[in-house]
Amino acid sequence: MTELTEPRLGYGFGLLGGALIGLGGVVSLIVGAVELVRGRPFGAIGAAGNAVVLFVVGGLAMFFAWLARHDWRARPFASGVLLAVLAVVGWVIVGLDTSLLALVGSLLVFLAGVLFLIEPARRVVSPPASA
């Protein structure tokens with residue numbers, strides 16, 4: 001069995017969180033279609049706009065989680081900060097009552113960002129070498 005490290009766990013949380021945010025966008029599109037069928041065009045436009053924003057945030061979260069695991073492996077601080085910022089943006093967009101899937105996804109993306117920040121924090125906090 002492979003060792004479960006913070007970056008590997010952060011990568012998984014980032015991908016899963018981004019996918020949940022994207023799934024929240026799909027649910028928002030379905031709600032928009034139902035609103036359109038019920039004759040409420042403004043509700044449908046709002047739901048479609050919310051879906052587009054959720055797709056973008058979810059896609060960016062998965063992209064930065066992938067970058068943190070592959071191309072930016074040497075820069076975990078940048079990856080962690082970007083994922084944490086995306087999670088906060090997701091929380092601001094979703095709020096507390098719009099989409100439970102996107103809210104849980106934002107929480108997982110935030111945890112992924114924190115997991116990527118553990119290694120740089122260890123380097124800062126580590127005791128200095130004795131002379």
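The model is predicted, so local features need pLDDT of at least 70 and side-chain atom pairs count only at pLDDT 80 or more, while totals for chains, interfaces and linings use all residues. Residues are numbered from 1 along each chain as its sequence is written, and side-chain values use heavy atoms, with hydrogens and water left out.

The protein has four helices and zero strands. Helices (H or I, at least four residues) and strands (E, at least two) are DSSP runs, numbered from the N terminus. From that end, the order of elements is α-α-α-α. The radius of gyration is 18 Å, well over the 14 Å that the globule rule gives for 131 residues, so the protein is more spread out than a compact globule. This radius is taken over C-alpha atoms, and the globule rule is 2.2 Å times the number of residues to the power 0.38. Along its principal axes, the C-alpha trace spans about 75 × 30 × 20 Å.

Of the 131 residues, 35% count as buried. Buried means under 20% relative accessible area, exposed means over 50%, and partly exposed lies in between (1.4 Å probe, protein chains only). The accessible surface comes to about 7,700 Å². Carbon and sulfur atoms hold 75% of that surface. Areas come from the Shrake-Rupley method with a 1.4 Å probe; for residues, only the protein chains shown count as cover. Contact means heavy atoms within 4.5 Å. Among contacts between residues at least 6 apart in sequence, 72% join residues at least 24 apart.

Helix H1 covers residues 6–37. Its 32 residues should span 46 Å at 1.5 Å a residue, and its end C-alpha atoms are 46 Å apart, which agrees. The expected span is 1.5 Å times one less than the number of residues. The buried residues of H1 include Gly10, Gly14, Gly17, Leu20, Ile21 and Ser28. The buried residues of H1 pack against helix H2 (41–69) and helix H4 (100–125). Ser28 has 8% relative accessibility and so counts as buried. Beyond its neighbours within four places in sequence, Ser28 contacts Ala47, Asn50 and Ala51. Just after H1, Gly39 takes a positive phi of about 85°.

A nonpolar patch of about 680 Å² is made by Leu23, Val26, Val27, Leu29, Ile30, Val31, Val34, Phe55 and Leu101. Seven residues, the largest share, come from H1. Patches are made of residues with over 30% relative accessible area and no salt bridge; like charges are joined within 9 Å, and nonpolar side chains (Val, Leu, Ile, Met, Phe, Trp, Tyr) within 5 Å. Val26, in H1, is partly exposed, with a relative accessible area of 36%.

Val57 lies in helix H2. It is buried, with a relative accessible area of 6%.

One salt bridge is found in the whole structure. A salt bridge is a side-chain nitrogen of Lys or Arg within 4 Å of a carboxyl oxygen of Asp or Glu. Glu35 pairs with Arg40, and their closest N and O atoms are 3.8 Å apart. Glu35 counts as buried at 16% relative accessibility, whereas Arg40 is partly exposed at 41%.
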